[in-house]
Amino acid sequence: LSCSCSVGTGSRHGPPSQPACRPALRQAGQEVAGVLEREDPDRSHRVLLLLTDGLAGDQQEILRGVYDIAGFAVPLVGGCAGDDLRMRQTAQLCDDEVHTDAVVAAGLWSTGPLGVGVHHGWRQVGEPMLVTSSSGTTVTTLDDQPALDVYLDRLDAPEPARTDPESFTRFALTHPLGLRRRADEPDIRFVGEADFEARTLGCIAAVPQGGLVWFMEGDEQSVLEATDAACADAMRPLDGRPPLGLVAFDCIARRGVLGGEGIRTEIARLAALAPGSPVAGFYTYGEIARTSGAGGFHNQTLVVLAVG
Amino acid sequence: VETRIGLWATQQLAEFLAALFEAEDEAAVLRAGVERAAETMEAEIGAALIEGMVEVSRGFRPGREPITLLNWAAAVARAEMEVPDLGVCFTAAVDIERHDESAGRLVLGRSSTPFSAVEMGLLRNMARVLALALRSARTVAGDRLLLASIQERKELLERLTRIVRSISHRAPLEDVFDAICVGACELVGNSVALIRRLDESRPGMLRVVSSHGFSDYEIEEVEWLEVGQGAGGRAFAEERMVVIDDYSDKPGVVEHFQKRDLQCALALPVYEGDRVVGTLTIGSYEAGRTYSPAEQDAMAALAEHASLALSDARLLQQMREAQAAKDLFLAMVSHELKTPLTVMMGMLRTLETRDEDVSPEERKAMLSAAYRRGQELLGLIDRLLQGAKGELASTVTNALLTDVVNDALDGLHHLGRVARRKVAEVTVTTDPQAARAVLGVLIENAIAHSPPDTPIEVSGHADMGEAVLSVRNRGLLPPELSVTELFAPFRRGSDATSPGVGLGLYIAARLTASMGASLNCVQEGDQVCFRLRLPLAEARQTSTSA
């Protein structure tokens with residue numbers, strides 16, 4: 001296994017939720033993907049590991065920039081750095097430097113196969129809603145009503161979550177939005193914050209205007225089943241051989257669902273699926289996993305990288 | 001199930017439309033269309049092919065698109081092909097309607113599953129939406145261009161209005177020129193501007209009189225420009241707009257600008273009346289800059305206004321000079337009229353009140369002086385009346401040149417200084433009275449501006465079909481006045497000692513012009529010579545016959 005790192009910065013050119021930031025985000029993605037220019041003929045398996053600022057704006061735009069350069073031939077894996085739900089500033093490390101508002105990429109080359117798996121375990125609740133107005137990562141109205149009011153009323157949110165930002169974020173951890181996609185599992189959007197004056201919702205990735213969304217729910221059982229599925233998908237390319245190790249990018253929202261005991265159970269299940277192999281990982285504000293298609297950004301999921 | 005599938009397709013189409021709506025121009029719409037279609041269909045590869053060429057692609061490293069493979073996939077609606085590094089790939093291709101009827105195809109490819117019929121329907125709808133969005137972007141781009149053009153025209157109009165206002169408010173010429181230079185730079189952007197005028201003290205040289213965007217040092221460097229050199233010098237010499245692109249490669253341009261990598265220059269002639277007197281020049285250091293036809297039109301309008309300002313300023317200057325001369329004239333005339341009148345009134349009053357105290361000799365001397373003063377006053381009034389008349393010569397007839405000269409000299413012999421030299425026996429066609437008056441003015445002028453007791457010579461000869469009457473005296477022409485100014489009203493040399501208001505030569509010039517003759521003046525050594533040219537009778541007949 002060998003590794004090469006790169007960093008792209010300066011993505012924040014105004015409020016990160018706004019479309020005006022997109023060109024800078026995309027450019028940052030294109031810059032870090034340059035790390036793949038290195039060729040390693042002795043190690044035919046490769047993956048690009050991405051660590052991004054989870055508060056920088058539309059993360060999918062970073063991945064579009066990466067895909068511009070990397071193309072379909074390189075799987076992507078990684079996650080968005082968080083700040084333990086303070087939603088203020090995150091940090092990214094590259095070599096011996098600490099960055100903010102940055103993307104760090106590490107190209108991994110291996111003689112053995114590299115597997116990536118991703119699942120979330122959330123279920124749709126109730127009737128879908130139409131995103132009647134949105135801009136970037138900000139949802140303004142759902143079914144022509146203020147998005148925050150619809151969100152709070154339909155989910156019967158507790159009183160503190162209706163006025164206090166931190167209480168709202170804790171509540172939203174277990175109540176993401178689901179976007180209908182072609183795949184069986186809808187795309188999940190973590191509702192990170194609320195604007196109590198404008199009555200809007202702020203998500204970690206873009207919520208397209210015109211889309212259909214559902215409120216999602218999950219429990220310990222469904223989340224742990226997703227852990228098993230993600231791990232199994234990651235290890236499939238290894239053809240039954242034990243992995244050298246597993247790296248997990250776990251959404252911080254799943255921690256809220258599992259609780260302290262559930263987290264220990266999840267780690268134990270991961271370890272049991274790869275007996276004897278080291279398991280490492282961290283909680284994220286969004287996860288990256290692209291093995292097919294041209295997308296790759298996920299919310300409130302578990303992404304597992306298996307190194308064979 | 002059908003409802004769910006229909007709902008999903010509708011939702012995807014709505015998202016697709018929203019994504020295209022955010023793209024700013026045609027190229028961005030096409031790029032977003034391919035990108036979002038690929039993401040929606042979870043396709044690893046996507047491409048827009050126009051006439052077989054890859055216009056936009058997704059999934060391939062830049063410049064490494066397999067064009068042959070993509071064209072093969074584009075030829076059929078659904079196919080299966082082997083893509084290097086991806087393996088077996090299921091493809092789908094649909095038409096993109098093009099405004100120019102060129103062949104456009106949207107191609108997607110994915111490794112997961114073949115495209116279903118529903119997905120093909122969605123893809124066709126996406127291609128249709130994409131075509132509409134492309135058409136809309138093209139229309140918007142056209143509208144933007146139109147709006148930009150209108151905005152440019154509006155700015156030009158506002159700028160010109162301000163300049164016209166400053167001209168009509170009689171702002172100083174320097175301020176008007178500065179406004180034109182600033183306006184030129186702001187209208188075309190990223191440019192420097194200067195106005196040059198022909199300098200009368202250095203024939204063939206243009207001098208900077210206003211500029212914008214230059215340092216003082218630079219202006220010193222480029223202050224003077226030879227007519228014919230650079231864009232400005234050529235615009236002046238050729239009296240037309242001169243545009244120089246690729247300034248650094250052109251010969252005959254200004255070296256200072258060439259060394260500083262000026263990219264382009266545009267110059268236009270500036271007129272005073274119908275005479276070119278200067279240039280308006282702009283230039284830019286911006287790499288690859290050229291001036292568009294719209295910008296050239298804007299500069300032509302500014303140059304027109306510079307010409308208007310110059311002509312207006314000249315007119316204003318003449319008006320102010322005429323007003324000053326009129327004021328001076330009134331002051332001088334009142335003084336000239338009052339002086340002899342006061343003398344005459346004084347003498348008459350003396351004779352009236354103290355007649356018994358005045359001796360016969362004194363009475364005779366006083367009456368004689370009063371008469372002379374009266375004559376002087378009469379002459380002054382005649383001169384003023386003559387100067388006010390428009391056309392002075394009325395009766396043109398044939399007359400002997402000798403008669404004209406003799407009549408003019410009659411009564412002047414007693415001065416002893418006026419000498420009649422040889423006068424040719426030729427006949428001239430003229431108004432004899434006017435010709436005599438002109439000759440009289442010239443002789444009076446010679447007496448007034450030559451040292452006492454020096455001779456004044458009058459002669460006449462034939463030359464090239466004309467009779468030339470010369471009045472020559474010792475002296476120097478006033479250095480501060482040009483020949484043209486000598487004949488202007490109320491202009492007198494600073495050394496003038498004779499009484500008068502500066503109308504003599506002006507009247508002579510007008511009389512001369514009215515009878516179709518010419519009058520000029522030259523300094524010949526220590527002598528001043530005025531020459532009146534009258535047409536010979538034969539020459540005029542010949543000219544009339546011809």
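Predicted model: local features only at pLDDT ≥ 70, side-chain atom pairs only at ≥ 80, totals over all residues.
Figure 1. Polar contacts across the interface of chain A and chain B comprise nine residue pairs, with both residues of each pair at pLDDT 80 or more. On the side of chain A that touches chain B, the elements that give two or more residues are helix 1 (22-33) and helix 2 (59-70) of chain A. Helix 2 of chain A gives the most to this side, with seven residues. By residue class, the side of chain A that touches chain B divides into eleven nonpolar, nine polar and eleven charged residues.

**Figure 2. Extent of the interface of chain A and chain B.** The size of an interface is often given as the accessible area lost when the parts come together. Between chain A and chain B, the buried area is about 2,600 Å². Carbon and sulfur atoms give 46% of this area. In terms of residues, 31 of chain A are in contact with 32 of chain B.

**Figure 3. Surroundings of L86(B).** L86(B) is located in the loop of chain B between strand 3 (78-83) and strand 4 (87-95). The relative accessibility of L86(B) is 18%, under the 20% cut-off, and the residue therefore counts as buried. When residues up to four places away in sequence are not counted, L86(B) touches E44(B), I45(B) and S111(B) of chain B, together with F72(A) of chain A. E44(B) is 42 residues from L86(B) along the chain, and the C-alpha atoms of the two residues are separated by 8.7 Å.

**Figure 4. The aromatic pair Y151(A) and F168(A).** Over all chains, the structure holds nine aromatic pairs. The ring centres of Y151(A) and F168(A) are 5.7 Å apart and the planes stand at 50 degrees, so the pair is tilted. Y151(A) belongs to helix 3 (residues 147-154) of chain A and F168(A) to helix 4 (residues 165-172) of chain A, so the pair ties together parts that are 17 residues apart in sequence. Y151(A) and F168(A) are both buried. One aromatic cluster is formed by Y151(A), F168(A), F171(A), F196(A) and F215(A).

**Figure 5. The aromatic pair F487(B) and F530(B).** A pair of aromatic rings is described by the distance of the centres and the angle of the planes. For F487(B) and F530(B), the centres lie 6.2 Å apart and the planes are at 90 degrees, so the pair is edge-to-face. F487(B) lies in the loop between helix 13 (483-486) and helix 14 (504-514) of chain B, whereas F530(B) lies in strand 18 (residues 527-535) of chain B, so the pair ties together parts that are 43 residues apart in sequence. F487(B) counts as buried at 12% relative accessibility, and F530(B) counts as buried at 3%.

**Figure 6. Secondary structure and burial in chain A.** Chain A contains six helices and 20 strands. Of its 308 residues, 57% count as buried. Among the contacts in chain A with a separation of 6 or more, 78% are accounted for by residues 24 or more positions apart.

Note on methods
Residues numbered from 1 in each chain as written. Chains lettered and ligands numbered in written order. Heavy atoms only, no water. Helix = DSSP H or I, 4+ residues; strand = E, 2+ residues; numbered from the N terminus. Buried < 20%, exposed > 50% of the residue type's maximum accessible area, 1.4 Å probe, protein only. Contact = heavy atoms within 4.5 Å. Buried area = accessible area lost by both parts, 1.4 Å probe. Polar contact = N/O pair within 3.5 Å; in protein donor to acceptor, adjacent residues only side chain to side chain. Nonpolar A, V, L, I, M, F, W, Y, C, P; charged D, E, K, R; others polar. Phe/Tyr/Trp six-rings, centres within 6.5 Å; stacked < 30°, edge-to-face > 60°.
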